[in-house]
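Student: I would like to learn how to read a protein model one feature at a time. Could we look at it together?

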Amino acid sequence: MNPIEFFIIKCICVYLSGIGFGLIVNLPHKALNIAGFNALLGWLVYYVIINTWGGLGSSNFFGGLCIGVTSVIIARWKKMPSILFDVPGLVPLVPGGQAYNTIKSFAMGNYQAAFSYLSEVIWIAGSIALGFIVAELVNKIRIKVKRDLKKLKRSRKSKI
């Protein structure tokens with residue numbers, strides 16, 4: 001299979017995973033398509049970073065940051081809560097495979113491998129959470145700057 005075809009198939013699957021999870025959690029139908037694109041956008045950021053210069057932590061951080069920022073923008077645009085776009089967007093980044101291997105290794109008595117997988121799960125989950133925290137911080141700063149610029153414009157108009 002051609003690498004470009006394989007990449008396109010991955011993108012389609014990521015998009016469908018966002019939509020599928022949106023259906024599972026009973027997302028409004030008008031939000032499904034955008035939730036799928038949000039998942040795809042976050043995964044593309046993750047994919048580019050992990051294949052160029054980053055490791056698991058930085059790629060998941062920037063993927064979570066991208067999902068968090070775009071969710072707020074989309075939520076304002078669609079006049080819906082941002083959590084509707086956050087949760088399906090995170091599905092491709094969730095370390096499900098590592099969590100499965102952690103439990104499997106614990107069950108089979110291979111504690112060294114289990115703790116290795118567990119540290120990966122904690123690292124990835126922490127990176128995603130930190131990305132969301134920074135996304136909220138970026139949003140709060142953006143709102144404050146916008147409000148301060150409006151005040152500045154009003155004060156300049158009143159002086160004229």
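Student: How should I decide whether A75 is buried or exposed?

Tutor: This is a predicted model, so what we read from it is computed. The general idea is to look at the relative accessible area, where a value under 20% means buried and a value over 50% means exposed. A75, which is found in helix α3, has a relative accessibility of 10% and therefore counts as buried.

Student: Which residues is A75 in contact with, once its neighbours within four places in sequence are left aside?

Tutor: With those neighbours left aside, A75 is in contact with M80, P81, S82 and F85.

Student: What is the idea behind a nonpolar core, and which residues make up the largest nonpolar core here?

Tutor: In soluble globular proteins, nonpolar side chains tend to be buried together. In this model the largest nonpolar core has 11 residues, namely C11, V14, L40, W43, Y46, I67, L90, L93, I124, I128 and F132. The elements that give two or more residues to this core are α1 (3-24), α2 (29-52) and α6. Apart from this core lies another one, of 10 residues, and A75 is among them, as are L27, A31 and I34.

Student: Which residues does W43 touch, not counting residues up to four places away in sequence?

Tutor: On that count, W43 touches F7, K10, C11, V14 and P92. Take F7 next, which is found in helix α1: F7 touches W43, L44 and Y47 when residues up to four places away in sequence are not counted. With a relative accessible area of 29%, F7 is partly exposed.

Student: And where is L27 found?

Tutor: L27 is found in the loop between α1 and α2, and at 6% relative accessibility L27 counts as buried. Leaving aside the neighbours within four places in sequence, L27 is in contact with G22, L32, A35, L84 and P88.

Student: What is the phi of N26, and is N26 buried or exposed?

Tutor: N26 has a positive phi of about 60°, although N26 is not a glycine. N26 is found in the loop between α1 and α2, and its relative accessibility of 68% means that N26 counts as exposed. K79 also has a positive phi without being a glycine, in this case of about 55°. The place of K79 is in the loop between α3 and α4 (83-90), and K79 counts as exposed at 74% relative accessibility. L27 and K79 are 52 residues apart along the chain, while their C-alpha atoms are separated by 14 Å.

Student: How do I read a salt bridge, and how many are counted in this model?

Tutor: Side chains of opposite charge can pair when their charged atoms come close. The count here comes to one salt bridge, in which the side chains of D148 and K144 meet at 3.4 Å, N to O.

Student: Why are D148 and K144 separated by about one helical turn?

Tutor: D148 and K144 are separated by about one helical turn because they are four residues apart in helix α6 (residues 111-159). As for accessibility, D148 counts as partly exposed at 33%, and K144 is partly exposed with a relative accessible area of 43%.

Student: Where does R156 lie, and how far is R156 from N2?

Tutor: R156 lies in helix α6, and R156 is exposed, with a relative accessible area of 56%. The C-alpha atoms of R156 and N2 are separated by 60 Å, the two residues being 154 residues apart along the chain.

Student: Finally, how many cavities of 30 Å³ or more are there, and which residues line the largest cavity?

Tutor: A cavity is a place where a probe fits but cannot get out. The count comes to one cavity of 30 Å³ or more, and the largest cavity has a volume of about 30 Å³. G68, V72, S82, D86, F132, A135 and E136 line the largest cavity. The elements that give two or more residues to this lining are α3 (56-78) and α6, and α6 gives the most, with three residues. By class, the lining of the largest cavity has three nonpolar, two polar and two charged residues.

Technical notes: Residues numbered from 1 in each chain as written. Predicted model: local features only at pLDDT ≥ 70, side-chain atom pairs only at ≥ 80, totals over all residues. Heavy atoms only, no water. Salt bridge = Lys/Arg side-chain N within 4 Å of Asp/Glu carboxyl O. Buried < 20%, exposed > 50% of the residue type's maximum accessible area, 1.4 Å probe, protein only. 1 Å grid on protein atoms, 1.4 Å probe; cavity = no way out; pocket = protein on both sides within 12 Å on 5 of 7 lines; lining within 4 Å. Points joined across faces, edges and corners; volume = space filled by probe spheres on them. Nonpolar A, V, L, I, M, F, W, Y, C, P; charged D, E, K, R; others polar. Core = buried A, V, L, I, M, F, W, Y, C linked by side-chain atoms within 4.5 Å. Contact = heavy atoms within 4.5 Å.
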